[in-house]
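Q: I would like to learn how to read the features of a model from its strands, loops and side chains. Can we work through one case?

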Amino acid sequence: MTAKKDIKKVVLAYSGGLDTSVILKWLQVEYDCEVVTFTADLGQGEELEPARRKAERAGIKEIYIEDVREEFVRDFVFPMFRANAVYEGLYLLGTSIARPLIAKRLVEIAAETGADAIAHGATGKGNDQVRFELNAYALNPDIHVIAPWREWNLNSREKLIDWAEKHQIEIPKDKRGEAPFSVDANLLHTSSEGKVLEDPAVPAPDYVYQRTVDPEDAPDKPEVIEIGFDRGDAISINGKPLSPATLLTELNEYGRKHGIGRLDLVENRFVGMKSRGIYETPGGTILLAAHRGIEQITLDRGAGHLKDELMPRYAELIYNGFWFAPEREMLQAAIDKSQERVSGTVMVKLYKGSANVIGRSSPNTIYSEAHVTFEEDMVYDQKDAEGFIKLNALRLKLLARRNMNAE
């Protein structure tokens with residue numbers, strides 16, 4: 001075990017909010033150490049310069065504020081969407097997929113600055129503590145991780161505010177009262193949990209939804225867009241080539257406008273408890289529908305069905321914090337192999353909360369109109385189906401005879 005006195009420098013995942021501002025000062029007081037702050041622009045839609053100014057006022061000399069949106073979408077979101085990853089049938093893993101990137105940069109910055117440890121603001125009840133730490137250890141087995149929520153006794157908003165005031169920490173006015181719910185956001189999604197959302201029997205208030213209009217208030221006229229794909233990744237909208245982050249940003253705007261991507265979910269956390277969350281993934285919901293659309297005509301049945309069998313395991317690995325684990329990388333290799341010819345365009349109709357594929361085309365299509373037509377054809381002998389059915393029915397007939405004789 002590393003003693004507090006052995007920690008001289010810590011890299012803190014820092015948002016500039018109340019929790020991480022208290023953690024910053026707490027590390028200085030309790031560990032008597034130097035703190036390096038890292039703030040990631042993941043597309044959460046917040047101005048990050050206030051975090052820099054707060055860190056400067058706290059006496060921080062090494063401040064890292066980085067725009068990682070392109071890396072986030074290119075190296076984390078897109079590989080996940082190649083797998084059509086959905087946790088427990090519904091959740092598009094928006095929070096989960098951001099954690100390995102943050103952990104990666106914390107470990108890298110620790111190496112760059114000679115820090116002894118990294119620190120995060122995840123609580124001892126949630127999944128994020130597991131994700132941050134498992135991903136960090138996978139990259140540096142000797143890294144020391146400080147999780148203040150598991151060490152201190154500041155276990156309520158009131159205690160946090162009292163401690164902040166005692167140590168002259170700036171407190172946003174809206175934090176002096178009880179926050180109605182907790183929000184995590186990035187370019188892929190927004191998640192809201194806690195407080196007014198804790199009773200799963202009570203519908204979420206309208207004000208919880210921040211990224212999408214109410215589907216009932218969305219335009220009365222459908223909108224059709226065309227998404228281009230290359231090797232399983234989206235590359236264009238309506239024929240316009242776009243970078244990964246820019247493309248997801250535009251899809252988010254389409255989804256926001258049409259009220260797409262809302263989810264009210266009670267999920268099973270890795271730590272064992274159930275939790276209720278409100279998720280908004282507007283662009284991701286459109287992207288998932290479109291990706292499945294292009295796979296429908298470019299993936300062989302065997303490959304497609306195997307992917308669907310692997311997907312729940314893959315999604316669970318991401319949810320539980322095993323992005324850098326060898327089994328996730330093994331699955332990724334299989335998934336990426338399946339995507340080599342998943343290229344083409346997909347038409348998606350957006351209308352009042354729905355994103356429906358209405359057309360798809362690809363130079364690599366294996367769809368054969370000549371084989372499926374109801375009209376006369378020269379490529380398929382329907383008599384062949386008789387032998388096919390008889391062979392597949394053989395074992396069923398044998399079982400049926402045995403069961404009849406046993407009665």
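Q: In what order do the five strands of the open sheet stand, and is the pairing parallel or antiparallel?
A: The model is predicted. Its five-stranded open sheet runs β3-β2-β1-β4-β5, and the pairing is parallel.

Q: Which strands stand at the edges of this sheet?
A: β3 (63-67) and β5 (144-146) do. Each has a single partner strand, so one side of each has no neighbour in the sheet. Neighbouring strands here are turned by 25° against each other on average, direction ignored.

Q: How many bridges pair β1 with β2?
A: Strand β1 (residues 9-13) pairs with strand β2 (residues 34-41) over five bridges, in the parallel sense.

Q: Is Leu18 buried or exposed?
A: A residue counts as buried under 20% relative accessible area. Leu18 has 2%, so Leu18 is buried. Leu18 is placed in helix α1 (residues 18-30).

Q: What is Thr20 in contact with, leaving aside its neighbours within four places in sequence?
A: Thr20 is in contact with Leu12, Ala13, Tyr14 and Ser15. Thr20 is also in helix α1 and is buried, with a relative accessible area of 8%. The side chain of Thr20 reaches the backbone nitrogen of Gly16 at 3.3 Å.

Q: What is the strand order in the open sheet of four strands?
A: The order is β6-β7-β12-β11, with antiparallel pairing. At the edges stand β6 (182-185) and β11 (262-268), each with a single partner strand, so one side of each is left without a neighbour in the sheet. Neighbouring strands of this sheet are turned by 25° against each other on average, direction ignored.

Q: How many bridges join β11 to β12?
A: Seven bridges join β11 to strand β12 (residues 274-280), and the two run antiparallel. Leu263 stands opposite Tyr279 in β12, and the bridge partner of Leu265 in β12 is Gly277. The hairpin of β11 and β12 has five residues between the strands, and Gly272 takes a positive phi near 120° in this hairpin.

Q: Which side chains of β11 point to one face and are buried?
A: The general idea comes first: in a regular strand the side chains alternate between the two faces of the sheet. Along β11, Leu263, Leu265 and Glu267 point to one face and are buried.

Q: What is Thr281 in contact with, leaving aside its neighbours within four places in sequence?
A: Thr281 is in contact with Leu92, Leu188, His189, Ile260 and Gly261. Thr281 lies in the loop between β12 and α8 (282-298). At 4% relative accessibility, Thr281 counts as buried.

Q: How far apart are Ser243 and Val73 in sequence and in space?
A: A pair can be read by its separation in sequence and its distance in space. Ser243 and Val73 are 170 residues apart in sequence and 9.3 Å apart in space, C-alpha to C-alpha. The place of Ser243 is in the loop between β10 (240-241) and α7 (244-257), and Ser243 is partly exposed, with a relative accessible area of 28%.

Q: Which side chain is joined to that of Ser243 by a polar contact of 2.6 Å?
A: The side chain of Glu70 makes this contact with the side chain of Ser243.

Q: What is the phi of Asp32 and of Lys195?
A: Asp32 has a positive phi of about 50° although it is not a glycine. Lys195 likewise has a positive phi of about 50° and is not a glycine. Asp32 is found in the loop between α1 and β2 and is exposed, with a relative accessible area of 68%. Lys195 is in the loop between β7 (190-193) and β8 (223-230) and is partly exposed, at 46% relative accessible area.

Conventions:
Residues numbered from 1 in each chain as written. Predicted model: local features only at pLDDT ≥ 70, side-chain atom pairs only at ≥ 80, totals over all residues. Heavy atoms only, no water. Pairing = 2+ DSSP bridges. Axes fitted to C-alpha atoms, helices over the stretch in contact; angles between N-to-C directions. Buried < 20%, exposed > 50% of the residue type's maximum accessible area, 1.4 Å probe, protein only. Contact = heavy atoms within 4.5 Å. Polar contact = N/O pair within 3.5 Å; in protein donor to acceptor, adjacent residues only side chain to side chain.
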